[in-house]
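Subject: Structure handover

Hello,

Below is the structure I said I would pass on. My notes on it follow, for someone who has not looked at it before.

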Amino acid sequence: MPLMRRSLAQQRIGPTALTRTLAWLRICAIAGQSVAVLVCALWMKLDIPLLPLLVGIGTLAVFAVYAAWRLSQPSPLREWETILHVAADTLVLGYLLYFTGGASNPFITLLLVPIALTAATLSVRAILAVSMLAGVAYVVLLGWYVPLPMPEHAFGPSGFTLHVAGMGVNFVISAVLLAFFTNRLARAVRLQQVEMQRVRERALRDEGILAIATQAAGAAHELNTPLATMRTLLPELRREHASDTALGEDLALLEGQVERCRTILREMVAFGKAQLSQVPECTTLDGFIHGALERFQLLRPEADLELQMDDDAGEIVLRTPPGLRHALLNLLNNAFEASSLNQSQAVDLIAHREGDWLEFVVRDHGPGFVPTGAPAALGQSHKLTGLGIGLALAEATAERLHGELTATNRPDGGAQMRLRLPLAVVEARDH
């Protein structure tokens, strides 16, 4: 969990987020600085060092290309790299201010923008480093700079000077930049908090599933011995009471139930071994579906199952993880139990391809989900039997495969579960 939290924080509100924000801010700065220099030199006819200023802007443009390339790399950005990006922006801004009046330039307060953005994302040490760099740049510009030439028409009769106009423009620019990019960072913080809440909920659910799996493993081990004993005794009881037809039928039913329990235990053991090996099974969708339906019919021989599957979809070759078949079986089993509440044994399964997604739709003929005025939620059904973990296991499998599991009520009665999985994850591709 700590490693996951650190990774999420770095992705949402850490160095990467700030560097990406600086990249967009840098583009805005290059455009604004170019326009400002050209307006002052060509339109206002100010005697400013045009060539050094264009060299500084060009250097910033070259660095912007490097920053964009760095952001496209898979390796994560470190905090010290982000500080170097901030330092490069601060040094170029200081260079431009040196040739345009130094600390007397109304745009000197733009040195505060990197400090504000750094304070919202990085550590205290990074904030101190950026603040010291901006402070040193400001102190240097107080004593060393090229004076900004002020034309005579800059002073009007009302005392409104060009400097005051520059301060107004600087205020607007600073306000817009701080408001926009700080809002983006704040939104990233909110998204990170939501994601952390989801991670905590998943962790609690996975802990519950792990506890259930541990208990199931222990139960399977303990049940194997009494089932073997009953499997041995039941045929002997049938032979001893061969003349009692009614008792013989009951003993035959018990013998079938014992065999069913042994089959379930064997499947549990096989599923556990498959989960530990993490080796996916390669099969066509048609083979996967019919294999799952054979097991379902073994568990629910009285079920009336209707399958709908496109022919072209049945030829898709899947790399099915061990949990997918059990997720589908859980959905089918829940649908059968829901249909039983309406004295029905019908269950519908639809498997088809929709774009880049593979969909399994399981429909029942039961009372549907409890109406709450909102979209149906997992677990809010009328079903009274079962342990209540089938949907949780299916949802966990869907999330692990980067898919989704949704529950809805059908207009004609009953409910349906839609399991959507990306083909990029489950489809077997030739390498």
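I begin with a salt bridge (a side-chain nitrogen of Lys or Arg within 4 Å of a carboxyl oxygen of Asp or Glu): the side chains of Arg410 and Asp412 form one, at 3.2 Å from N to O. The model is predicted, so local features need pLDDT of at least 70 and side-chain atom pairs count only at pLDDT 80 or more, while totals for chains, interfaces and linings use all residues. Residues are numbered from 1 along each chain as its sequence is written, and side-chain values use heavy atoms, with hydrogens and water left out.

Buried means under 20% relative accessible area, exposed means over 50%, and partly exposed is in between (1.4 Å probe, protein chains only). Arg410 has 14% relative accessibility and therefore counts as buried. Asp412, its partner in the salt bridge, is at 62% and so counts as exposed.

Salt bridges

Salt bridges that share partners join Glu359, Glu404, Arg418 and Arg420 into one network. The structure holds 7 salt bridges. Helices (H or I, at least four residues) and strands (E, at least two) are DSSP runs, numbered from the N terminus. One of the salt bridges is between the side chains of Glu359 and Arg420, at 2.7 Å from N to O. Glu359 is in strand β5 (residues 357-364) and Arg420 is in strand β7 (residues 415-422), so this pair ties together parts that are 61 residues apart in sequence. Glu359 and Arg420 are both buried.

Another salt bridge joins the side chains of Arg26 and Asp89, with an N to O distance of 2.7 Å. This pair links distant parts of the chain, since Arg26 belongs to helix α2 (residues 15-43) and Asp89 to helix α4 (residues 79-98), 63 residues apart. Arg26 and Asp89 are both buried.

Surface patches

Patches are made of residues with over 30% relative accessible area and no salt bridge; like charges are joined within 9 Å, and nonpolar side chains (Val, Leu, Ile, Met, Phe, Trp, Tyr) within 5 Å. Accessible areas come from the Shrake-Rupley method with a 1.4 Å probe, and for residues only the protein chains shown count as cover. Lys and Arg count as positive and Asp and Glu as negative, without His and the chain ends. The place of a charge is taken as NZ of Lys, CZ of Arg, CG of Asp or CD of Glu.

Which residues form the positive surface patch? They are Arg20, Arg184, Arg187 and Arg190. Helix α7 gives the most to this patch, with 3 residues, and Arg187 is located in α7.

A patch of negative charge on the surface gathers Asp286, Asp310, Asp311, Asp312 and Glu315. Of these, Asp311 lies in helix α10 (residues 311-314) and is exposed, because its relative accessible area is 69%.

Tyr98, Val136, Val140, Trp144 and Tyr145 make a nonpolar surface patch of about 500 Å². Tyr145 sits in the loop between α6 (124-143) and α7. At 36% relative accessibility, Tyr145 counts as partly exposed.

Record and helices

An unreviewed UniProt entry lists residues 21-44, 50-71, 129-148 and 160-181 under "transmembrane region". UniProt positions are in the numbering used here, feature names are shortened, and annotations may be inferred rather than shown by experiment. In the model, residues 21-44 are 96% helix and 0% strand, and the end C-alpha atoms of this span lie 32 Å apart. Residues 50-71 are 100% helix and 0% strand, with end C-alpha atoms also 32 Å apart.

Met230 is in helix α7 (residues 162-240). Its relative accessible area is 38%, so Met230 is partly exposed. The C-alpha atoms of Met230 and Glu259 are 9.8 Å apart, and the two residues are separated by 29 residues along the chain.

Backbone

Gln343 has a positive phi of about 55° although it is not a glycine. It is in the loop between α11 (322-340) and β4 (346-354), and at 75% relative accessibility Gln343 counts as exposed. His402, which is not a glycine either, has a positive phi of about 60°. His402 is in the loop between α12 (390-400) and β6 (404-409) and counts as exposed, at 57% relative accessibility.

Regards
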